[in-house]
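Try each task before you read its solution.

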Amino acid sequence: QLQLVESGGGLVQPGGSLRLSCVASGFTLDYYAIGWFRQAPGKEREGVSCISSSDGSTYYGDSVKGRFTISRDNAKNTVYLQMNSLKPEDTAVYYCAAEGIVTPQQMCLSLRGHDYWGQGTQVTVSS
């Protein structure tokens, strides 16, 4: 079965950190761009950060620049999202997605055309 599985979400206080993981099973992530998306209650899903399959180039949404870092470990078939200086407005369900030939910016700015989606992990930032 081909799937992506996210983990690492939870409850954290403002200013805290979390690291999300996205693991692929049934296929290798080597040839896919990977993106992290989030959806808060009552809001549309949005692209947070995406990373290319080839040269490691990345894209970050304006609201997370300087606070979040995306990385990939192809040997572990895993992509990470390190989230620092978390704010209450970062509260959302975070999803990862995989897509073949696409730039990170193109991937993050569109919700269509992604080959695989995970089921999501909840991140809650609250005191």
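**Exercise 1.** In which sense do S1 and S3 pair, and over how many bridges?

*Solution.* This is a predicted model: local features need pLDDT of at least 70, side-chain atom pairs count only at pLDDT 80 or more, and totals for chains, interfaces and linings use all residues. Residues are numbered from 1 along each chain as its sequence is written, and side-chain values use heavy atoms, without hydrogens and water.

Start with the terms. Strands are DSSP runs (E, at least two residues), numbered from the N terminus. Two strands pair if DSSP finds at least two bridges between them. S1 and S3 pair in the antiparallel sense, over 5 bridges.

Now widen the view. The open sheet has 4 strands in the order S1-S3-S8-S7, with antiparallel pairing. Strand S1 (3-7) and S7 are the edge strands, each pairing on one side only.

**Exercise 2.** Is threonine 58 buried, partly exposed or exposed?

*Solution.* First, locate it: threonine 58 lies in strand S6 (residues 58-60). Next, apply the cut-offs: buried is under 20% relative accessible area, exposed is over 50%, and partly exposed is in between (1.4 Å probe, protein chains only). Threonine 58 has 39% relative accessibility, so it counts as partly exposed.

**Exercise 3.** Which residues does threonine 58 contact, leaving aside its neighbours within four places in sequence?

*Solution.* Contact means heavy atoms within 4.5 Å. With those neighbours set aside, threonine 58 is in contact with Cys50, Ile51, Ile70 and Pro104. Finally, check a distance: the C-alpha atoms of threonine 58 and threonine 69 are 9.1 Å apart.
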